[in-house]
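Student: Could we go through this model together and check each label against its cut-off?
Tutor: Gladly, let's take the labels one by one.

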Amino acid sequence: MHSGLVTAHAHPRTGVPFESPVPPGTGWPGDPAVPETPVATTPRRVATLAAKVGDVDELDALVSVCRACPRLVTWREEVAVTKRRAFAVEPYWGRPITGWGSARPLILVLGLAPAAHGGNRTGRVFTGDRSGDQLFAALYRAGLVNSPVSVDAADGLSTNGIRIAAAVRCAPPANAPTPGERSACEPWLAAEWRLVGPHVRVVVALGGFAWQAALGLLGPFAGPAKPKFGHGAVAELPSGVALIGCYHPSQQNMFTGRLTPAMLDEVFTDARQRAGLGGGEALRDGRR
């Protein structure tokens, strides 16, 4: 658990005060959990709960209160208390980050883990940091979200046939979850794929680890070797799903030019076309 005095601050959009981390069921925008939601405190409990989950809403509730990895729990909650100076008077979510978007997506965008002062603060995956700024701007240009800006969980953002998730649901120190933490979180991703996978035609993997996590979901694969990650690489899998690789839209990758907005546009335009999503389609059942 985090240490120190817990002070409530007003949510920057709704004005409602919340403690940091946010207790489940206290009114945070989009919080899927209630105080009675079962809490997974061990990897074995994660696997048990994930195997029984029956729908996306139930899965999101369980994920959002998970406490199976002590190092990650300590880190995410300490960050939520100490905060970054720029966000010192904001409440921090400080809990695991669920997948976000359509419950019947044609495209799944998969990343590694939330950012300490991004998703861990705002409560939405890829929201509140530079990586998310680049990602959502590209998704908007591709016609996959209704706004180029993702600010917080109450900003009215909606999706057009996509879902975004992270393979590891808690913000890790130095953006580096351990192998054990990755394994402990894997059943949540497997359950999400079991629920949404029948609808998915394209998976976009943001970075090499997301690529490997996606291959674990999508197998078996054809050929003598696993498909290799690369920006723009496409693996057409026997399941009928296309896996597309994309460099992670990190601040470093964008600043150095390893990844450019045009390169992001190429990936998401390809993903949209492969999924059969026309650019002018009405917005689907996105999560707000």
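**Labels and their cut-offs**

Tutor: Phe126 is found in the loop between helix H4 (119-122) and helix H5 (130-141); helices (H or I, at least four residues) and strands (E, at least two) are DSSP runs numbered from the N terminus. This is a predicted model, where local features need pLDDT of at least 70, side-chain atom pairs count only at pLDDT 80 or more, and totals for chains, interfaces and linings use all residues. Residues are numbered from 1 along each chain as its sequence is written, and side-chain values use heavy atoms, with hydrogens and water left out.

Student: Why is Phe126 called buried?
Tutor: Its relative accessible area is 10%, and buried means under 20%, exposed over 50% and partly exposed in between (1.4 Å probe, protein chains only). Phe126 therefore counts as buried.

Student: Why does Asn175 count as exposed?
Tutor: Asn175 has 54% relative accessibility, so it counts as exposed.

Student: What makes Phe18 and Trp28 an edge-to-face pair?
Tutor: Rings of Phe, Tyr and Trp (its six-membered ring) pair if their centres lie within 6.5 Å; planes under 30 degrees apart are stacked, over 60 edge-to-face and the rest tilted. Phe18 and Trp28 are 5.2 Å apart centre to centre, with 65 degrees between the planes.

Student: What makes Arg182 a charge over the ring of Phe209?
Tutor: The rule asks for NZ of Lys or CZ of Arg within 6 Å of the ring centre and within 35 degrees of the ring normal. The charged end of Arg182 sits over the ring of Phe209, 4.0 Å from its centre.
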